[in-house]
Amino acid sequence: MRVLVVSDTHGDERSFARAIESQQDAKIVFFLGDGIRDAKNLSERHPDREFYIVRGNCDFGLWALYPETGIKTVENRKVFYTHGHRYHVKSGINIIISAARARGADILLFGHTHQPFCEYRDGLYVFNPGSLGRGGSYGYIDITAAGIVSQILEMKR
């Protein structure tokens with residue numbers, strides 16, 4: 001199963017829509033905050049997709065409607081997803097990795113840093129798609145019985 005991972009659109013709903021259209025096989029979309037209005041609008045326009053949305057530190061107005069963290073099981077893999085600001089990810093990822101491990105996660109998704117990051121650490125897939133705002137980057141993860149493959153993609157202008 002392919003899942004689309006997007007973060008930090010900061011009002012660039014157009015790039016977010018292009019990312020969704022470019023990944024037709026992704027029926028699950030994780031939005032990791034800072035652009036919650038974009039995610040809400042697109043989730044309403046794409047009822048054929050499951051959206052899992054958390055709020056970021058720049059999400060105002062609608063923020064009370066969305067949690068700061070979430071857990072979702074996809075293809076028997078537990079995904080812990082959050083924006084990352086509460087875990088001080090701009091200073092390092094050890095705290096957020098500990099939080100993911102404490103929840104028994106197989107996959108950790110976070111944003112906030114605007115820097116794409118993809119790494120496997122002792123049984124934990126750690127993934128940050130970067131910032132999609134202003135045509136930046138996003139990513140996807142393929143979760144199958146054979147394993148997990150992740151990819152960061154640059155938005156073509």
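Modeller: Of the contacts in the protein with a separation of 6 or more, 52% are accounted for by residues 24 or more positions apart, where contact means heavy atoms within 4.5 Å. This is a predicted model, in which local features need pLDDT of at least 70 and side-chain atom pairs count only at pLDDT 80 or more, while totals for chains, interfaces and linings use all residues. Residues are numbered from 1 along each chain as its sequence is written, and side-chain values use heavy atoms, with hydrogens and water left out.

The protein has three helices and ten strands, taken as DSSP runs numbered from the N terminus (helices H or I, at least four residues; strands E, at least two). Of its 157 residues, 54% are buried, that is, under 20% relative accessible area, whereas exposed means over 50% and partly exposed lies in between (1.4 Å probe, protein chains only).

Helix H3 spans residues 94-102, and within it Ile96, Ile97, Ala99 and Ala100 are buried. These residues lie on the same side of H3 because they cover an arc of only 160 degrees around the axis, the arc being that of the directions from the helix axis to the C-beta atoms. Asn94 and Ala102, on the other side of H3, are exposed. The partners against which the buried residues of H3 pack are strand S5 (77-82), strand S6 (107-109), strand S7 (117-121) and strand S8 (124-128). After H3 comes Gly104, with a positive phi near 70 degrees.
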